[in-house]
Amino acid sequence: MYEQISRLQFFFLMFWLVIGDGILMIPLTIGQFIIHDSWMVGPIFILGAFAVSVVVHIFVRVFPGENLIDALQTAFGLWLGRVLGGWMLVWMFLNTCLIVRKETLFVTTNYFPNTPIYVPIAVFMVPLIYALYKGVEVVGRLTEIISPWAIATTFVLYLLALQNARFSNVVPVLADGFSPVLKASLVPWMFATNFILALLMVSNLKDPRKVGKDVLISGIVVGLTGLFAELVTTLVTGMIRSATLFPVMEVIRSVRLGYFLERLDPLYVITVITTIFLNVAALFYAMLIALQSLFGCKSYRSFVWSGALAIWTGALFFLENSGMLVDYVIYTAPGYYFVTAFGIPVLAIIVQLVKRRLKRNRPIGRQPAGGRGASAAKP
Amino acid sequence: MIFGIVLFFAAGAAVEGYFSWKNKERRELGVSLGLVAAGVLFAALYYTGASERIYPLGILERLFRPFTEWLYDSL
């Protein structure tokens, strides 16, 4: 029996799945393409989130009661389904490694420049193991408690930073046309494909048929948050944002009220680390569920520690330095994510619908042995 | 120090593995062993500096960079 999480908890998990890490990485990648019009990326992100939510909405209807990995075996058969499931699993693993590595980059760059990078990652993984060992229900409750505080803190910090805003930083509007805005939206769209991981949590929801709607609501809220965050970042930092690794950090550091309220960045750091914890918890949980489904295990709890070990060392091995990380995120990851996290589920839906149609048109008579594939035997 | 931390994680995995073995959960044990092996391999490659000499994500870059660049060009 899978643990159940409420719709609100699921909504917050999906929100942090993109924003938790996106608030570190997305402003940096947007700054490589545009400065003045960066706020437009937020609303455009919603288009990507809408596309993913449509896929999720159709997927749960075409494959009722099945998670992504089981559904791939139903659609493509046992072996091809397992190969594609393994491909998805590698993507989830690399995705989790990427987020963990970015969190470490943030911590080591700003606060522990002389600490070996493997120490903060290891420290970060231990509470994560504990939380996931307890189950996704505990992570969901944690999300429910932390989210209002984290959202309110970030919102207040952004509002305080507006004292340094310069309207000249956001004009002229669309001076270079709309093309740079679309190019800057590619990486945020890539992050939107993370919503597909909702398909691994369908067993944890009371009504999986509403999962597409919940993903869409999360996507809209993420888009509006991006609009606000990008607008304030550009208003405050202007041209400097393209030269800094963490533009939002510069925005928060600029907050100063008289002589009694300054250096509020620790508040921001606490919020970022907490929300990235939730982000990685959701990703890691999805990866463990994928492993469980792919290998037909009873429970994922038997390999939480070993999974954490693989992620910890994988983050070190695959993404050695920040230059490699940024280059991978901007020039390789979008194509990889679109093909894997968007293309494969869409293909599975098409194949299943075609199979159904062919089955419906088949003349009544002797039916072939086998049935629905690998998942037919599963409870 | 890195191998001290590896041992710490591996010890946790060994405890889990012990209970899997005790409960005759062969698949869980196999998955756990596979993940530990991958983790130790990555740690060894990182420790020996192999990740500096080779680009581990090079395969993905060869496969998907042209597509990503085409997306950028077409936008």
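The following legends describe close-up views of a predicted model.

Because the model is predicted, local features are given only at pLDDT of at least 70 and side-chain atom pairs count only at pLDDT 80 or more, whereas totals for chains, interfaces and linings use all residues. Residues are numbered from 1 along each chain as its sequence is written, chains are lettered from A and ligands numbered from 1 in the order in which they are written, and side-chain values use heavy atoms, with hydrogens and water left out.

**Figure 1. The largest cavity of the structure has a volume of about 190 Å³.** A search of the whole structure finds two cavities of 30 Å³ or more. A cavity is a set of points, on a 1 Å grid over the protein atoms alone, where a 1.4 Å probe fits but cannot get out, and lining residues have an atom within 4 Å of a point. Grid points are joined across faces, edges and corners, and a volume is the space filled by probe spheres set on the points. The lining of the largest cavity comprises 18 residues, and A:Ile19, A:Ile26, A:Val222, A:Gly226 and A:Glu230 are those nearest its centre. Two or more lining residues come from each of α1 (7-30), α2 (41-62) and α8 (211-237) of chain A. Helices here are DSSP runs (H or I, at least four residues), numbered from the N terminus. By class, the lining has 12 nonpolar, five polar and one charged residues. Ala, Val, Leu, Ile, Met, Phe, Trp, Tyr, Cys and Pro count as nonpolar, Asp, Glu, Lys and Arg as charged, and the others, Gly among them, as polar.

**Figure 2. The second largest cavity has a volume of about 30 Å³.** Its lining is formed by A:Leu24, A:Met25, A:Leu28, A:Lys102, A:Leu105, A:Leu245 and A:Phe246. At least two of the lining residues are supplied by each of α1 and α4 (78-110) of chain A, and α1(A) gives the most, with three residues. Six residues of this lining are nonpolar, none is polar and one is charged.

**Figure 3. Helices α1(A) and α12(A) are packed at a crossing angle of roughly 75°.** The axes of α1(A) and α12 (residues 322-331) of chain A come within 11 Å. Axes are lines fitted to C-alpha atoms, for helices over the stretch in contact, and angles run from 0 to 180 degrees between N-to-C directions. The two helices are therefore roughly perpendicular to each other, a term for angles of 65 to 115 degrees. In this pairing, A:Met25, A:Leu28 and A:Thr29 of α1(A) meet A:Leu325, A:Val326, A:Val329 and A:Ile330 of α12(A), where contact means heavy atoms within 4.5 Å. The contact has six nonpolar, one polar and no charged residues.

**Figure 4. The second largest pocket has a volume of about 380 Å³.** A pocket is an open set of grid points with protein on both sides within 12 Å along at least five of seven lines. Of its 20 lining residues, A:Leu89, A:Val90, A:Phe93, A:Leu94 and A:Phe318 are the closest to its centre. At least two lining residues each come from α4, α10 (265-294) and α11 (304-318) of chain A and from α2 (26-47) and α4 (58-74) of chain B. The largest share, six residues, belongs to α4(A). The lining divides into 19 nonpolar, one polar and no charged residues.

**Figure 5. The loop between α6 (136-161) and α7 (179-192) of chain A holds A:Asn169, A:Pro172 and A:Leu174.** A:Asn169 is buried, at a relative accessible area of 14%; buried means under 20%, exposed over 50% and partly exposed in between (1.4 Å probe, protein chains only). Apart from neighbours within four places in sequence, A:Asn169 contacts A:His36, A:Thr234, A:Leu235, A:Val236, A:Thr237 and A:Gly238. The peptide bond from A:Val171 to A:Pro172 is cis, with omega near 0°. A:Leu174, a residue other than glycine, has a positive phi near 50° and is partly exposed, at 32% relative accessible area.

**Figure 6. B:Lys24 lies in the loop between α1 (2-22) and α2 of chain B.** Although B:Lys24 is not a glycine, its phi is positive, at about 60°. The residue counts as exposed, with 67% relative accessibility.

**Figure 7. A:Tyr133 belongs to helix α5 (residues 118-134) of chain A.** With 41% relative accessibility, A:Tyr133 counts as partly exposed. Leaving aside neighbours within four places in sequence, A:Tyr133 is in contact with A:Arg301, A:Val304 and B:Glu16. The C-alpha atoms of A:Tyr133 and A:Val123, 10 residues apart along the chain, are separated by 16 Å.

Notes: Parallel < 35°, antiparallel > 145°, perpendicular 65-115°, else oblique.
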